[in-house]
Amino acid sequence: MEGGGMATWERIQRLPERFHQQMQQVYGAHMPIEVRQALSDWIDSHDWQTLNPDNPDVNQYVPGLVGQFMHELEEKTNATNDFVMRIKLTEALTQFKQDYSNDPSCLIRVLRNCIICEQKIIAQYEASSGQQGLGVLGGVPDPTLTILQEMDECRRNTQLMEEQIKQMHQKEEAFVIQYQDMQKHNAHLQQLQTTGQSAEIIQRTQQEGAQFEVLIKESARDLHQARLNFEKSIRESVQQIAQLQHHIVNTQLAKWHHAQQLAGNGQPFDNNLDQIQEWCEELAGLIWRHLQLVHRLEFLINKMPTTSGGTLKETFSQLENRIKVLLSALVCGTFVIEKQPPQVMKTNTRFCATVRLLVGGQLNVHMSPPEVRVSIISEAQALLLARNDGYPSNEVSGEILNNVCAMEYHQASKQLSVSFRNMSLKRIRRAEKKGTESVMDEKFCLLFQSSVKVGDITFSVQARSLPVVVIVHGNQEPHARATVTWDNAFSEQQRQPFVVPECVTWSQMAHVLSTKFHKTTGRGLSESNLHFLATKAFRNPNLGHDFRDHKLSWALFCKEQLPERGFTFWEWFYAIMKVTKEHLRLLWNDGVVWGFVSRREAEDMLLKKPNGTFLLRFSDSELGGVSIAWVADKEGGGKEILMVQPFTSKDFQIRSLADRISDLHNILYLYPDTVKDQAFAKYYTRPSEPQSGQTNGYIKPMLITQIPGIPQLVSDSDPATPQPFYAHSESQNMYAGGLHDATFGDPNSMQLYPLTAAPISAQRLKRFRDEDFCTVQQVSN
């Protein structure tokens, strides 16, 4: 461990009092803290992270390690002058020999768990550096420490019961010998009586027989009491295991499932499934050992009944059933979908998924590999499945190709899993729609089913995927994404499939939008961004700042169109997210795209700045559109704000936004006051080297963005640009206000004119498509 020598023990002693309770939970009767103190040098000289006795490569060294441990402890016990310490160490040494002589790896496992928990406590304290928040760390126990402590206690109890049943077996053997001796004695007495022996001899023999009978009765009572004590011990132990299983499966694994679902919206995912598998495997081993203990005692009871033997037999039969129920819940509850299928699923498109049985290796399920079958079911069928805890296999809502595969055991990772790599949804059967429902509102899920054999017991296991929306065309994807985004974010852990709230607070929605935007583009949303989004979502441009608890409905989110627009709030937001991911990611992460700002606010910001100051904003009217707004002189005096018709993904496929900004010499400063080239130069496309030996006789053209009729604010050092072939009559291609003209691109609406013939005062400003402005230049440096 870090620090060496007594450093770790000294760090433990420096822990504040609020951490002492956690440390006391780590060290107890199973590993007295006095042993930790006495062997601190020896403990610190080993790397306990790698010394895992469950690792086959390490297990071979465990006996030697235990020998060293016991030798060191004996030496420390003999060397100490502290009377109380010597008593504690002697008791611990004796206890270790009794508890772990038959299973030395268990001693190392217990010690290792204590050391790892101890390291976590120290790390918590040192990471906090004694600052505010330490009380929270010290007041809330680490669930990992709690589980390890409970696991160790269950393990110790199981060992004690295994010793108890050995002792009972020995008592039974002794009882049988005593009983046979008594039978021999009675036969001898009968022989004396029939042969006419003296009364004195017969009387003495009868007294001896009476003593034998008393001894037999006492032995029988002791045996019966031992069985009663054992029944009480195993009942309490089973209850403790049930609580531990609830903690692991119903709490920790449920948290993992919920985190996996939130990860679908971009939430960071701490995937601790391997750790949970370790706990579940340990739990499975304990449950199986308890089942064997019950079987062994039932065998002893059948072999030698005692008083109330029938009642005991019935009691242990009930215990056996309860243990099997625990085992069933563990096996069924740990059949999990490690890699979810896509939540927006297109028909006839290949997709993947992976399922894992967390206890498969521990219970040797791989000796008879289960076959997993996948089907797709509707929301109504999933609800029926949840209510009835069973499902008719013929009730499905579609056909999946390559949907059957056998699980495999991976020795290196000790995982029993199966990966479906080539599934495809061939067809889907939909339910009848009501009201405004669309196919993108309808949720399905994939159902993974298998039969798992553990010993002579067979369990039917199943796992439902996260909700899936099935589409047949790419234009259905945005609405489908809205459905799964809402479901992932706002569904409760224990819900009926697939119930979600109709309304959520804006603070909840803001977190989802920022998280999803961050995951998709690399940077989240600021408070001002979120305020602007709230004005859009609530259709209220004058929204104040006390809106975090306002309720946003599903209809406002993605069903009802924005005012004077042909799309919903989500479609608008999704298009922005998509164009940012595909074309503006670097610019967005660098902070040069202002983005979420209203037209009016952009105008107010720019009017306070020098001419040529510009910013980049997401368009209100064009899906996935990005507009350049800048301040310029107004004819007749004053200033005005001009805005280029929004560029879209199609435009950026032709020429990047940074290169277009470079082309426009009338914009000089990125808001508030950054020189344009300083902000964007690193994103400009560098001219390619001229190709030597070119023999095709052509010069490669380069597309340049220009705005007709706008005087240049700086001298243009570029070669002369030829006049365009056409000037589109697209209304407001570059506009200070107005609506988009649907006739854009119509050849009949085009007219020919020179650039110089388009004064600002006579005609609205226009921005021409790049393909209409080809400057013929020799491509060079």
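**Close-up views of a predicted model**

View 1. Helix H19 (residues 569–590) holds both Phe-569 and Trp-572, which lie 3 residues apart, about one turn of the helix. Helices (H or I, at least four residues) and strands (E, at least two) are DSSP runs, numbered from the N terminus. The structure is a predicted model: local features need pLDDT of at least 70, side-chain atom pairs count only at pLDDT 80 or more, and totals for chains, interfaces and linings use all residues. Residues are numbered from 1 along each chain as its sequence is written, and side-chain values use heavy atoms, leaving out hydrogens and water. The aromatic pairs number 29; ring centres of Phe, Tyr or Trp (its six-membered ring) must lie within 6.5 Å, with planes under 30 degrees apart called stacked, over 60 edge-to-face and the rest tilted. Phe-569 and Trp-572 make a tilted pair, 6.2 Å centre to centre with 40° between the planes. Both Phe-569 and Trp-572 are buried (under 20% relative accessible area; exposed is over 50%, partly exposed in between; 1.4 Å probe, protein chains only).

**View 2. The surroundings of Asp-441.** Asp-441 sits in the loop between strand E8 (415–428) and strand E9 (444–454). Its relative accessible area is 17%, so Asp-441 counts as buried. The side chains of Asp-441 and His-479 are joined by a polar contact of 2.8 Å (N or O atoms within 3.5 Å; within protein, one able to donate a hydrogen and the other to accept it; sequence-adjacent residues count only if both atoms are side-chain atoms). Setting aside residues up to four places away in sequence, Asp-441 touches Thr-436, His-479, Thr-483, Trp-554 and Lys-559, where contact means heavy atoms within 4.5 Å.

**View 3. The open sheet E6-E4-E9-E10.** This sheet has 4 strands, in that order, with antiparallel pairing; strands pair if DSSP finds at least two bridges between them. At the edges stand E6 (404–406) and E10 (457–464). Each has a single partner strand, so one side of each lacks a neighbour in the sheet. E4 (residues 371–378) and E6 run antiparallel and are joined by 3 bridges. Opposite Val-372 stands Cys-405 in E6.

View 4. Arg-464 lies in E10. Its relative accessibility is 35%, so Arg-464 is partly exposed. Ile-337 is 127 residues from Arg-464 in sequence, yet 7.9 Å away in space, C-alpha to C-alpha. Ile-337 is also among the residues that Arg-464 touches, not counting residues up to four places away. Others include Ile-377, Ala-382, Leu-385, Ala-386 and Pro-497. Arg-464 also touches Cys-445, Leu-446 and Leu-447.

View 5. The loop between strand E3 (350–357) and E4 contains Ser-368. Ser-368 is partly exposed, with 42% relative accessible area. Ser-368 and Met-407 are separated by 39 residues in sequence and by 9.5 Å in space, C-alpha to C-alpha.

**View 6. Strand E5 and its two faces.** Strand E5 (residues 398–401) presents Gly-398 and Ile-400 on a covered face. Glu-399 and Leu-401 form the uncovered one. E5 pairs with E8 in the antiparallel sense over 4 bridges. Leu-425 in E8 is the bridge partner of Ile-400.

**View 7. The E15–E16 hairpin.** Strands E15 (residues 626–633) and E16 (residues 639–644) run antiparallel, joined by 5 bridges. Asp-633 faces Lys-639 of E16. The hairpin leaves 5 residues between E15 and E16. In the turn, Gly-636 has a positive phi of about 95°.

View 8. The largest nonpolar core has 113 residues. Such a core is a set of buried Ala, Val, Leu, Ile, Met, Phe, Trp, Tyr and Cys residues joined through side-chain atoms within 4.5 Å. Met-31, Phe-69, Phe-96, Ile-248, Val-331 and Phe-448 touch the most other members. Helix H12 (residues 273–303) supplies the largest share of this core, 14 residues. Met-31 contacts Phe-69, Phe-96, Leu-107, Val-110, Leu-111 and Cys-114, leaving aside neighbours within four places in sequence. A second, separate core has 62 residues, among them Trp-570, Phe-618, Phe-647 and Ala-658.

**View 9. The whole protein for context.** The protein has 23 helices and 21 strands. Of its 781 residues, 47% count as buried. Among contacts with a separation of 6 or more, 72% link residues 24 or more positions apart.
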